[in-house]
Amino acid sequence: MGNAKSILRQHGYILLEETELGAVGKTVRVKKEKDGKEYIIKGLHKSDSVMPEVAVLQGLKHPFIVQYLEHFEDDMNVYIVMEYCEGGNLSEEIKKQKDTGEYFPEDQILAWFVEICMAVEYVHEKNILHRDIKPQNIFLDKYGRTRLGDFGLAKPLERSSGYARTVVGTFCYRSPEIIEEGPYGSKSDVWALGCVLYELCERRRAFPEENLRKLFNKIADGPYPSISEPFSTDLRDLVRDLLQKNPADRPSASDILERPFLLGILIQKTKKITGELQPKLKELDGVADGLERVHFGTTVGSLTGGVIGAAGGITTIVGLALAPVTLGASLIVTGVGIGVAAAGGFRHSGQHHKLSDSHVQQRWSPGCSQVSF
């Protein structure tokens, strides 16, 4: 990024800090002159893989994914402007926690994990594989909420096949099917989620990188690690299910979110009502036409009372985005409160309903403030 300061100035950014990204380029922290806010800019050498990354980022709008702002280029590089996550990443948090000699509280692990799963479910719904899920690529905002980032290896799949074959990703987070150089799909990302969850619990990698032969043999053939007694049976069972050798035996991201003990985390978030939503309602009017979909025909006009919950899905409202999250369970908003129907329990008839101001009495917040830009 030899002429970084010059090209950044041309686009209204002031260089604050520069970090190496290895052979592919550099990342810099900048301040935008117009609004004084800080952002991260990835400066990548032009190649066939860079513009597909930009295309993926442009299509992702979710409260738990690092947000893309814009990109520009010069003769040699492409510069991608992204949300700045002041809280660092989960890898740094794990190292700090390990130094204390204590485990993370289980409720903190689950709160993070639910957010990460919501992001992964959204990406998979768009038929995209992330292919490099690991603690270093899960960032934290200033409130400690997660943002899935670094989509440099992301792969949009052909809907006809649903599989990829290129061997990519950080070695110790690769799934058995990638290690064995076979076709792989979204369940490969789920394996990586299992590695991340194990690492949050045990504060060490599920598959330490001793030497590559031993590492690959352990991933391909097991035995696979389990987590310690201090954690609940539900959490230990989840780690076991995510780290199944056969991808067909692993749950999908949507399946994970259906588990009653994780659905409970979502309900806890509904109780953490803040004043974040109401100031954004007028701004939502301006972007209503750009929404891809809103469950059950709900319009921005029906959000005035608060937040929507509807059978079969949850509509997340953060900043200027509504990001639908499909769950196999329901939040039912009524005039007297929020009811929960998990898999196997209450099921809605499936009819579409428009929620009016008088019907919605509860605010639902995913515990996430507006995106910083």
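**Exercise 1. With which side chain does the side chain of His-124 make a polar contact?**

Solution. Start with the ground rules. This is a predicted model, where local features need pLDDT of at least 70, side-chain atom pairs count only at pLDDT 80 or more, and totals for chains, interfaces and linings use all residues. Residues are numbered from 1 along each chain as its sequence is written, and side-chain values use heavy atoms, leaving out hydrogens and water.

- Step 1: locate the residue. His-124 sits in helix α4 (residues 106–125). Helices (H or I, at least four residues) and strands (E, at least two) are DSSP runs, numbered from the N terminus.
- Step 2: apply the criterion. A polar contact is a pair of N or O atoms within 3.5 Å; within protein, one must be able to donate a hydrogen and the other to accept it, and residues adjacent in sequence count only if both atoms are side-chain atoms. The partner is the side chain of Asp-189, at 2.8 Å.
- Step 3: list the contacts (heavy atoms within 4.5 Å). Beyond neighbours within four places in sequence, His-124 touches Ser-186, Asp-189 and Ala-253.
- Step 4: check burial. Buried means under 20% relative accessible area, exposed over 50%, partly exposed in between (1.4 Å probe, protein chains only). His-124 has 15%, so the residue is buried.

**Exercise 2. Find the buried residues of helix α8 and say where they lie around its axis.**

Solution. 

- Step 1: list them. In α8 (residues 233–242) they are Leu-235, Leu-238, Val-239, Asp-241 and Leu-242.
- Step 2: take the arc, using directions from the helix axis to the C-beta atoms. These residues cover only 165°, which puts them on the same side of α8.
- Step 3: recall the geometry. An α-helix has 3.6 residues a turn, so residues three or four places apart point the same way.

**Exercise 3. Count the disulfides and inspect Cys-172.**

Solution. 

- Step 1: apply the cut-off, a pair of cysteine sulfur atoms within 2.5 Å. The count is 0.
- Step 2: inspect Cys-172. The nearest cysteine sulfur belongs to Cys-195, 7.5 Å away.
- Step 3: check burial. Cys-172 is buried at 2% relative accessibility. Cys-117 is buried too, at 0%.

**Exercise 4. Examine the backbone at Asn-127, Asp-150 and Pro-223.**

Solution. 

- Step 1: recall the background. Most residues other than glycine have a negative phi, and most peptide bonds are trans.
- Step 2: take Asn-127. Its phi is positive, near 65°. Asn-127 lies in the loop between α4 and β6 (128–129) and is buried at 17%.
- Step 3: take Asp-150. Its phi is positive, near 55°. Asp-150 lies in the loop between β8 (146–148) and β9 and is partly exposed at 32%.
- Step 4: take Pro-223, in the loop between α7 (212–221) and α8. The peptide bond from Gly-222 to Pro-223 is cis, with omega near 0°.
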